[in-house]
Amino acid sequence: MPPRTGSRPTTLRDVAEAAGVSIKTVSNVVNDHPHVRPEMRERVKVVIERLDYRPNGIGRQLRQGRTGLVALALPNVTSPYYGELTSALVTAARARGITLLVEQTDGDLEREREVANGFPVRLVDGLVFVPLTMPGGSWRSAATRRRPS
């Protein structure tokens, strides 16, 4: 079977049908579960490659209850201090399999409030926040209104 060229992404069902196995077997291979015979694992991997299957990140996030993303919100990334802080956090996050998103607030009070109040969609699992202009303690009250993740 040639790679799919339609507008619909390849699904676990597509891979399962092409490999002649169950959807659960494909899922076990994708998630690297140990209870799959080596020859079956190889057969499924060949089909995954041929069909160019990519797991649905949003679906995984919904199932796991986490995104693997942490945000860093700071006034700017150009100062040596914040640049070093950003670099250290990127390194630490990467070592834990986490992606760090950086938000530059420019020290703007409204932007800092938006960050402290959270984003409209649950985009990140955590926030490292460096407020510059928010009055002392007001970011804490905004953050406690959010449901902890």
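Select helix 5 first, together with strand 1 (69–74) and strand 2 (99–104), which are part of what covers the buried residues of this helix. Helices (H or I, at least four residues) and strands (E, at least two) are DSSP runs, numbered from the N terminus. The model is predicted: local features need pLDDT of at least 70, side-chain atom pairs count only at pLDDT 80 or more, and totals for chains, interfaces and linings use all residues. Residues are numbered from 1 along each chain as its sequence is written, and side-chain values use heavy atoms, with hydrogens and water left out.

Within helix 5, display Tyr 82, Thr 86 and Ala 93, its buried residues (buried: under 20% relative accessible area; exposed: over 50%; 1.4 Å probe, protein chains only). These residues lie on the same side of helix 5, because they cover an arc of only 40° around the axis (taken from the directions from the helix axis to the C-beta atoms).

Just after helix 5, select Gly 97, which has a positive phi of about 75°.

Next, move to the largest nonpolar core, of 13 residues; Val 15, Val 21, Val 26, Val 44 and Ile 48 have the most contacts inside it. Such a core is a set of buried Ala, Val, Leu, Ile, Met, Phe, Trp, Tyr and Cys residues joined through side-chain atoms within 4.5 Å. Helix 3 supplies the largest share of this core, five residues.

Finally, select Val 70, Leu 72, Leu 74 and Val 130, which are among the seven residues of a second, separate core.

Terms used
Contact means heavy atoms within 4.5 Å.
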